[in-house]
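Please open the structure in your viewer and keep the selection tool at hand. The tour below moves from stop to stop, saying what to select and what is found there.

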Amino acid sequence: MTLDQIAILLILAVTIALFIWGPWRHDLVALASLLACVFSGLIAPSEAFNGFGHPAVVTVAAVLILSRGLQNTGAMDALAQKVVPKRGGITLAIAALTALGAGMSGFMNNVGAMALLMPVATDLADRYSVPPGKVLMPLSFGTILGGMTTLIGTPPNLIVSGFRASAGAGSYGMFDFTPVGIVVATVGVLFVALIGWRLVPARTQAGAATFDTGTYLTEALVKEKSAAIGKSLAELVRMIGEEDAQIIGLVYKNARVSTAMPGLRVRAGDILVIEAEPESLSAVLSNLGLTLAADPENGEDSKGSEDEGQRKDRAADERAVASESLEAEPLEAAEGPLEQLADTAGKSPQKQEKREDKKEQEEKRGRDRQEMVLRELVVMPDSFLVGRTAENLRLAGRYEINLLALSRQGRRSVKRLRSTPLLAGDALLMIGTEENLSNFASEQHCVPLAQRDITIPNKEKAYVALVAMGLAVAGAAFGLLPAAISFATCALAFMVMKVVPLRNVYEAIDGSVIVLLGALIAVAGVMESTGAADVVAKSMLDNLAQGDPVIALVLILVVTMTLSDFMNNAATAAVMCAIALSAAAQLNVNPDSFLMAVAIGASCAFLTPVGHQNNTLILGPGGFKFGDYWPMGLPMEILVIAVAVPMLLWVWPL
């Protein structure tokens, strides 16, 4: 091998390792890989960012805008309400919902389709008294399968089309992916509906009235007339023992004290950190006269101040109990929605105080407060919240809402709620007005878990959106315009006709995806130009396929599928396309068979929660652990291989 080939293979190996390890976001890793190629002389500085002008990148950006437009009009919500049956068994309901998700994903971003249908899925789970994960995972798999059916269904298809064009064979048409993709998707949906959903681990009890995946970690403020004042932590632990709740710690003056100091006395303004089931939490708050300490500025800082005498008393308490111990289990990060607590929100101390002393509240607030509601929101993988804390976000000041509790399955934490960095898939219990919560969810890319009110579609804009989308699809399908031009024109029409407000246009475009695609397209080009792809393909063919094109096709599909389970599917497609083209050239067979195998493999990430954004999105709401995906995912991937290979050989013969 030449030095250039060794260099690009080393850069690619490190890039893949970082994708799988996940210390940084995919777009940062991709950009670092691109710059490494520039600094090593593999890419000229003047050509480093040519990938950002690639038609696939433009098309992805346009499709993201179109997806936002379809969501904004409410047309998809209305469609979901009509398609999902109101009667019938759970099998029929899962089949209809999964099929709808697959169909929607063929023409809009599959993450957007998943976000739209998640509330419908949770409603179905509640209606049929099944664990929510048994509906959410089939929906996730269905939306992933649907993406492989059209050119715009998923970014890997656009990347594959771009590599075909760069090889001189022209781009794929809108429905060139459909013959193979729709058969694979149909078989997959049938498997999910008839067998697959039964294989999903049940992480909640069937018949639960709430979308519950465990306990919540909540911070409760000790009010002036609270029953907890003057009592020790040990006494409080005994008082709430019957409520199936646990006091994890106490916070005062921004300092955390664990329950290992049982003699410590509680004072007004302190914050108790409580771990409890949703049903128990409401009772604990009421019995002890506590209120949710959602606003650190108004609750913790203003009420948490102590005079000199109180500080001396506190210090004396600490010295008196320093040698005592009270065993407490480490805090398991909270999980699960709080739908029942939302139902009983009117009975909480906050609501009672508002009703009983409305005049005092008005004077204190300086204005009439609107009705406050509890909502649970899930952090999407592309959310701006990822990596940030409630303290950084200044929720009370910016949005007039507060974070009450955090649910994160399978993780332990002893951090303050306000200082805990948020992760994709976290479930956040928020309180605020309907309008403020909706604005926050939209702006910060969160998905509501509780069933939303039915949105009345804007029929005029819905028709405009559907007609414009239909024209764009027709223009690309019949070759009247290149896909990038056709969908960019439709995106412009959406903006002109205010289907997508101008202020939301750039919010609809996932910048991390654009950077990822633009950077890796250039890196994959180096694989081809240096001959490194030929080296990898030759090694694969000689050592594993033994020169058999059918075995080589299966190998390309399996390797692509495996990589996609652990790294971004667009990145997988960019890496594997160059190898697939080289393998086809060395075997002197039809390259379309191998490129289509890459497209299918890159779209089939069913074994882990990190391979696809939709799998990440259901991790917290479904109460899943990392290993919960393979019981249904492994049979699904085997089924995809069994169906896709014969279809590829028939539709795209070697």
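What follows begins with the whole chain and then visits individual helices and residues.

**Before you start**

This is a predicted model, in which local features need pLDDT of at least 70 and side-chain atom pairs count only at pLDDT 80 or more, while totals for chains, interfaces and linings use all residues. Residues are numbered from 1 along each chain as its sequence is written, and side-chain values use heavy atoms, with hydrogens and water left out.

**The whole chain**

Show the chain as a cartoon, and 29 helices and 9 strands can be found in it; helices (H or I, at least four residues) and strands (E, at least two) are DSSP runs, numbered from the N terminus. Of the 654 residues in the chain, 56% are buried, where buried means under 20% relative accessible area, exposed means over 50%, and partly exposed lies in between (1.4 Å probe, protein chains only). If you look at contacts (heavy atoms within 4.5 Å) with a separation of 6 or more, 80% of them are accounted for by residues 24 or more positions apart. Switching to a surface view, the chain exposes about 26900 Å², of which carbon and sulfur atoms supply 58%; accessible areas come from the Shrake-Rupley method with a 1.4 Å probe, and for residues only the protein chains shown count as cover.

**First stop: the surface patch**

Select Met-1, Leu-3, Ile-6 and Leu-10, which form a nonpolar patch on the surface with about 460 Å² of accessible area together. Such patches are made of residues with over 30% relative accessible area and no salt bridge, like charges being joined within 9 Å and nonpolar side chains (Val, Leu, Ile, Met, Phe, Trp, Tyr) within 5 Å. Leu-10 belongs to helix 1 (residues 3–21), and it counts as exposed because its relative accessibility is 54%.

**Second stop: Pro-85**

Is Pro-85 buried or exposed? Its relative accessibility is 18%, so Pro-85 counts as buried. Leaving aside neighbours within four places in sequence, Pro-85 is in contact with Leu-92, Ala-93, Ala-96 and Arg-127. If you also select Leu-124, which is 39 residues from Pro-85 along the chain, the two C-alpha atoms are separated by 9.8 Å.

Helix 27 is mostly covered, with 12 of its 13 residues buried. Its buried residues pack against several helices, including helix 7 (133–146), helix 9 (178–199), helix 25 (549–564) and helix 29 (630–651). At the start of helix 27, look for Asn-590, whose side-chain oxygen comes within 3.0 Å of the backbone nitrogen of Asp-592.

Helix 26 (residues 569–587) is also among the packing partners of helix 27, and Ser-582 has its place in helix 26. Ser-582 is buried, with a relative accessible area of 5%, and, not counting residues up to four places away in sequence, it touches Ala-533, Asp-534 and Ala-537.

How many salt bridges does a search of the whole structure find? The search finds 2, a salt bridge being a side-chain nitrogen of Lys or Arg within 4 Å of a carboxyl oxygen of Asp or Glu. Select Asp-592 and Arg-164, which form a salt bridge whose closest N and O atoms are 2.7 Å apart. Asp-592 lies in helix 27 and Arg-164 in helix 8, so this pair ties together parts that are 428 residues apart in sequence. Both Asp-592 and Arg-164 are buried.

Then select Glu-235 and Arg-265, a salt bridge with its closest N and O atoms 3.3 Å apart. Glu-235 is in helix 10 (residues 233–239) and Arg-265 in the loop between strand 3 (255–258) and strand 4 (271–276), so placed that the pair links distant parts of the chain, 30 residues apart. Glu-235 counts as partly exposed at 28% relative accessibility, and Arg-265 is partly exposed with a relative accessible area of 33%.

Technical notes
Polar contact = N/O pair within 3.5 Å; in protein donor to acceptor, adjacent residues only side chain to side chain.
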